[in-house]
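Hello,

I am passing on a structure that may be new to you, followed by some notes on what turned up in it. Please have a look at the sequence and the model first, then read on.

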Amino acid sequence: MFDMLHEECGVFGVWSPERTDVAEMVYYGLYALQHRGQESCGIALSDDGVFRQHRADGLVGDVFNRAALEELGQGSIAVGHVRYSTTGGKNPNNIQPVVVCHIKGNMALCHNGNLVNANSLRSEHEMRGGIFHGTTDTESIAYTIVSERLRAPSTEEAVAQAMPRIQGAYACVLMTATKLIAFRDKNGFRPLCYGQTAEGAYVVASESCALSAVGARFIREVEPGEVLIIGADGVRSDRRHCGRAASLCLFEYIYFARPDSVIGGASVYAARKRAGMYLAKASPAKADVVIGVPDSGLDAAIGFSQESGIPYGVGFVKNRYVGRSYIAPNQRMRENAVRIKLNVIADTVRDKRVVLIDDSIVRGTTSARIVGLLREAGAREVHMRISSPPFRHPCYFGTDVDSQENLIACRLPDVEAIARYIGADSLAYLSVQDAHRLAGDEGCRFCDGCFTGQYPIPIPEEQGKNKFEQPLTRRSSK
């Protein structure tokens, strides 16, 4: 309803050489990844091969109180997950980790991403007698690994053999009775990294900020196509599927990741500042102050200010106690939802020409309301700059981009028409070319399909949609 893009998930895993409070470590790691999903969360733990789990709808701090953590107890391995549903909708059976008990042992799987062949995989397994409890593509990954495990000598070999059958985006952590396995699709759509604590525990996480949250030293990122196996004999790497040019989602830098994370060797904070600097060079504006929309617009606003010489100001106060699951009870309150979440600092903008920086425009309704708030607070002019290119195409790899008929860049003929719709004096987007430069000199290659319609892998006819789920209700309204 706040007209925003949504992340899909965050994953976290711990392997410890000793029996200890690994569930508590995962709890703090998930706290650091909460920005990647606020609908549900879960932790599964292995205590010498005995699996215990706790999963529920809600935020990490609400689902895992002290009693829940004590019930999980101690162990040597644990995995956890925070979720926002892009595929599967709200269903308690969709909450991860997905725990599977099979003839070769138990495993718990956490997945960030979206498959493009989930339908065909599911049909294949159901025709062989597989019983699915939820509607996510994560179950299809789990069943594919289990089917390979019947023939493979180990779970890590089953994972490696399953990967060519799994098409799309996936960054996963998998727990067995004795090992923690991390694996990433060969395009590297979603980030995944690992580190080590001073006590010798290995930690795998979607973002490096979660390693810091548990005191782990960053070692490196899991490579696209790599299978990383962590166990009593140390860390081993299977790179048989590596070598393809990476296609990291551009929106990790623009919006999804926390600014204190490092992805693809580049600081997310620095990347967002670069976006603002590129905007200032390509689309300057005569103004008195630069402000950003919290939170991901703030860093780009700093970059725009530094490059342009226009002073940076704090334009909004964000209500931190309004969650993304907030539901307004009536139409009048829905129209005022932005007022509930954002308040303008009038002294910053009154009688001034304002450059307003935000990360994206989806439908345009929230952008129009934010511009309206600035006008009401006395801004003379509002020049909006967007630190991403315009959305014109669907995403099949885990970003909840709205349908094309609702995307304002598809509905209106040009940027000038969009500026009129949102009430801005001018509007400019980051170019696709500049977006590809966000990581600086790190040599990263990106997926920009939602901007250009050019995808790094073929999209099957099923187009990444899950025919077994109920139609997903979009909450995107920016």
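The accessible surface of the protein chain comes to about 18500 Å², and carbon and sulfur atoms hold 49% of that (areas come from the Shrake-Rupley method with a 1.4 Å probe; for residues, only the protein chains shown count as cover). Please keep in mind that this is a predicted model, where local features need pLDDT of at least 70 and side-chain atom pairs count only at pLDDT 80 or more, while totals for chains, interfaces and linings use all residues. Residues are numbered from 1 along each chain as its sequence is written, and side-chain values use heavy atoms, with hydrogens and water left out.

The chain has 18 helices and 23 strands (DSSP runs numbered from the N terminus: H or I of at least four residues for helices, E of at least two for strands).

Now to some of the strands. Strand 2 (residues 40–47) pairs with strand 3 (residues 50–57) in the antiparallel sense over eight bridges (pairing requires that DSSP finds at least two bridges between two strands). These two strands form a hairpin with two residues between them, and D48 in the turn has a positive phi of about 55°. G42 stands opposite R55 in strand 3.

Strand 5 and strand 6 also make a hairpin with two residues between them. They run antiparallel, joined by five bridges, and V99 has A108 of strand 6 as its bridge partner. Strand 6 (residues 105–115) pairs with strand 7 (residues 168–175) too, antiparallel over eight bridges. Because nine of its 11 residues are buried, strand 6 is largely enclosed by the rest of the structure.

What about disulfides? The count is zero, taking a disulfide as a pair of cysteine sulfur atoms within 2.5 Å. For C9, the nearest cysteine sulfur is that of C110, 9.2 Å away. C9 is buried, at 2% relative accessible area, and C41 is buried as well, at 1%.

Finally, the lining of the second largest pocket divides into eight nonpolar, eight polar and three charged residues (nonpolar: Ala, Val, Leu, Ile, Met, Phe, Trp, Tyr, Cys and Pro; charged: Asp, Glu, Lys and Arg; polar: the others, Gly among them).

Enjoy exploring!

Notes. Buried means under 20% relative accessible area, exposed over 50%, partly exposed in between (1.4 Å probe, protein chains only).
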